[in-house]
Amino acid sequence: MTTTSSVSTSGSTTYLTGTISGLDTDSLIEAAVAQKTARADTIDAKVTANETKIASYQSLQTLLQAISDSMTALAGTTYSSVTTTTNAFDEKSAYLTASDGTDATSVIAVDADSDAVAASYEITVTQLAKAMKVTSTAQTAGTALGLSGVMSVGVDGGTAAEITVTSTMTVSDIAAAINAKTSTTGVTATLITSSTGTRLVMSTSDTNQQISLASVSGDDIGQSLGLTDSSGAFANVLQAAQPSIVTIDGVEIESDGNELTDVIPGLSISLLQATSGQTITLDIEANYDDIKTAITDFIDAYNALRAFVVTNQTVGSGGVVADDAVLFADGILRDVNRQLNALLGGKSGSDDELTDLSALGITLNSANQLELSDETSLDNLLLTDLSSVAAFFETKFEASDSNLKLLKNDTTLSYDFDLEVTVTDGAISSVSVDGDSSLFTISGSRIIGATGSIYEGLSFALATPTSGTISVQITQGFANLITSLMSDYANTTTGVIQQRINTLDTVNTSLTEQSETIRDNAETYRTKLIAKYSAMETELYAAQILQEQIKAILGASSDDDD
C-alpha cells in the first residue's frame, strides 16, 4: 500500500517527501520560492558591491590622510593670540662636538624646543653636582641595637622630621624609619653589608644638599651608630655635597643640580660627565631631519595614492574593467586626483626663487610618480636657505595692524585686500572690502568670511577694535594647500568621501531591510505551498484508499457471482 506524503525539516528549510502524486514537490516549491527571492538576491549583490566600494573609499581616505599627515608638519600654523602652535620649521635640534674628537654625548645631553635661538656655544663641564653621603660604623644585621632615643633628620634649609628609635629596633628598622620620612626630609637610607657587618648609609635625595642630623632626646642615636662624633659632626663622609660647575661661552655657572633648564632660553642641558680641559661645542640649528622626513613621507604617500589610482583605472584585455578597479570612473577619485595634480604642477609660496617642487629636486618620473631626483639640491637648500624652503611650504599672513590675528584659514586662495573696519562704542559695527559689507560677518571681535564669498573659510580676531583700514596679505604655501585639499576629501567627519560612505551605508541599511522582508515573505510563501501540496497529497491519498476499497468490493462481488 502506498504511503502518504510527510513533512520534514532540515535546518530552517521545510519540505515534503513521499509524494503520492508523483510530482517533485520539493523542486516545485524551491522554484516558486526562488522566483520570490530573486529580487532579494539582486539586492544582496548590490549590498555586497556597495560594501566593496565603501572599503575602497576607506582605503582612498587613508591614503589621502597620509598625504595630509606628511604635510601637516610643514604647514603654516594659525596666528592666534589665544593658542601657540609650531611646525617643523620652528623646531630646533642640538648638535654636539667634542674638542678632542671623543663622543660629546657622553658629557652633556641637550634638548632644544622651538623657543631656542639658532646659535653656537662653547661649554666646559668642571664638575658634576653630587649628593652628600654619610655612613655609620659596622652593625650586626638582625640584632636589636638596644638604643632608645629620638633624632632629628633633614637637610639644611629644609624641613626636618623626628625619628623615634626603640630598644628592639635593628639597623634595618632604623633605615626603614628614615625612609618613611623621605618625602618630608629629603634624606634616604640604604644598607651595605660586608664581611665586617652592616653599615647604614644616609644620602640626600637632591644634589648639593647638606644632611642635618641631631639628637633630640634619649640616646644619641647618630653617635651610637658611628654616624657622628662627640662634637655632632659626621664621622664618616663618603661623598661631600657639591654643586655642578659649568662654563658656557666664558661665563661660569654654578648650580645645585645637573639639569640646567633656565640658563639658556629654550634649552635643557643635562650634565653627564666632568671633563678635564675638554670643550664641547653646542650648535643649535633647525631640525633638518624632521623637515626632510616630512618631504620624503609626502613623496611616499603620494606614490601610494598614485598606485591606487592606476589600479582603479585599469582596463583589462578586450576593454573589460579589471575586477579590482572598484572605483573605475568614480567622480570623487577623479576630482581629488585632478586637483592634487594641479597643486603639484602649480606655483606656491611667497619666495620668488623657490615656487615649485622641482626647485627642491622633486620631479615626476615616467610612471607619474614623485621622486627625489636631486637630493643634493634639497640638502643644500635646507642647510643654506631654509627660509626659502619654509616660504614655499608655509602659508604667509601679514597685516598692517598687529592686533588682527588670523584664526582660521580653510581656503586654497591667496589674498591681498584692504579690510575697512568701523568701530562704534568700542565694538566692531561693520567690516567691508572695497565698500562691500556683505563679504564678512561680525561676531564680537571676530571677523568671519561670509558663506558663498571668496573669503569663506577665513576668520580673524581684532584684539583691540579701532576704526580704520587694515591691509591683509595671505599667500598660500604648498603644505597648507595640500592639507586643506586633503581635509575637504579625507576628513572622517565632514569630508566628501565620508559623506559618500555615509550615503552608501544608509542605502545598504535600506536595501538589507528590503532583502530581509522579501526573504521573510518568501518563507511565508513556502509554508503556504507546503500546506497546499500537503493538502493535495492528502486528498490523493484518500482517493487512492477509496479506489482500493471500491476495487476490493467489486472484486468480492465477482467472487460471489461465481
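Predicted model: local features only at pLDDT ≥ 70, side-chain atom pairs only at ≥ 80, totals over all residues.
H2 itself spans residues 171-179, and its buried residues are Val171, Ile174, Ala175 and Ile178. Viewed down the axis of H2, these buried residues fall within an arc of 100°, so they line one face of the helix. An α-helix has 3.6 residues a turn, so residues three or four places apart point the same way.

Helix H7 (residues 375-384) was examined in the same terms. Its buried residues are Leu378, Leu381 and Leu382. Seen down the axis of H7, they too fall within an arc of 100°, and therefore line one face of the helix. The face turned away from the buried side of H7 carries exposed residues: Thr376, Leu383 and Thr384. The cover over the buried residues of H7 includes helix H5 (288-311), strand S19 (370-372) and helix H8 (386-393).

Helix packing was considered next. Two packed helices are described by the angle between their axes and the distance between the axes. Helix H1 (residues 25-72) packs with helix H6 (residues 331-345) at an angle of about 15°, and their axes lie 12 Å apart. Angles under 35 degrees count as roughly parallel, so H1 is roughly parallel to H6. The crossing of the two helices is left-handed. H1 contributes Tyr57, Leu60, Leu64 and Ile67 to the contact. H6 contributes Ile332, Leu333, Val336 and Leu340. By class, this contact has 8 nonpolar residues, with no polar and no charged ones.

H6 also packs with helix H9 (residues 478-490). Here the angle is about 175°, and the axes are 11 Å apart. Angles over 145 degrees count as roughly antiparallel, and H6 and H9 are therefore roughly antiparallel to each other. On the H6 side, the contact is made by Ile332, Asp335, Val336, Gln339, Leu340, Leu343 and Leu344. On the H9 side, Phe478, Leu481, Ile482, Leu485, Met486 and Tyr489 take part. The residues of this contact divide into 11 nonpolar, 1 polar and 1 charged.

Asparagine 208 has phi near 55°, a positive value in a residue other than glycine. Asparagine 208 sits in the loop between S10 and strand S11 (211-218). Aspartate 249 lies in the loop between strand S13 (244-248) and strand S14 (251-255). Its relative accessible area is 45%, and aspartate 249 is partly exposed.

A further loop residue is glutamate 353. It is found between H6 and strand S18 (362-364). At 72% relative accessibility, glutamate 353 counts as exposed, because the cut-off for exposed is over 50%. Glutamate 353 and serine 388 are 35 residues apart in sequence. In space, their C-alpha atoms are 7.9 Å apart.

Terms used
Residues numbered from 1 in each chain as written. Heavy atoms only, no water. Axes fitted to C-alpha atoms, helices over the stretch in contact; angles between N-to-C directions. Helix = DSSP H or I, 4+ residues; strand = E, 2+ residues; numbered from the N terminus. Parallel < 35°, antiparallel > 145°, perpendicular 65-115°, else oblique. Left-handed = near helix turned anticlockwise from the far one by under 90°. Contact = heavy atoms within 4.5 Å. Nonpolar A, V, L, I, M, F, W, Y, C, P; charged D, E, K, R; others polar. Buried < 20%, exposed > 50% of the residue type's maximum accessible area, 1.4 Å probe, protein only. Arc of directions from axis to C-beta.
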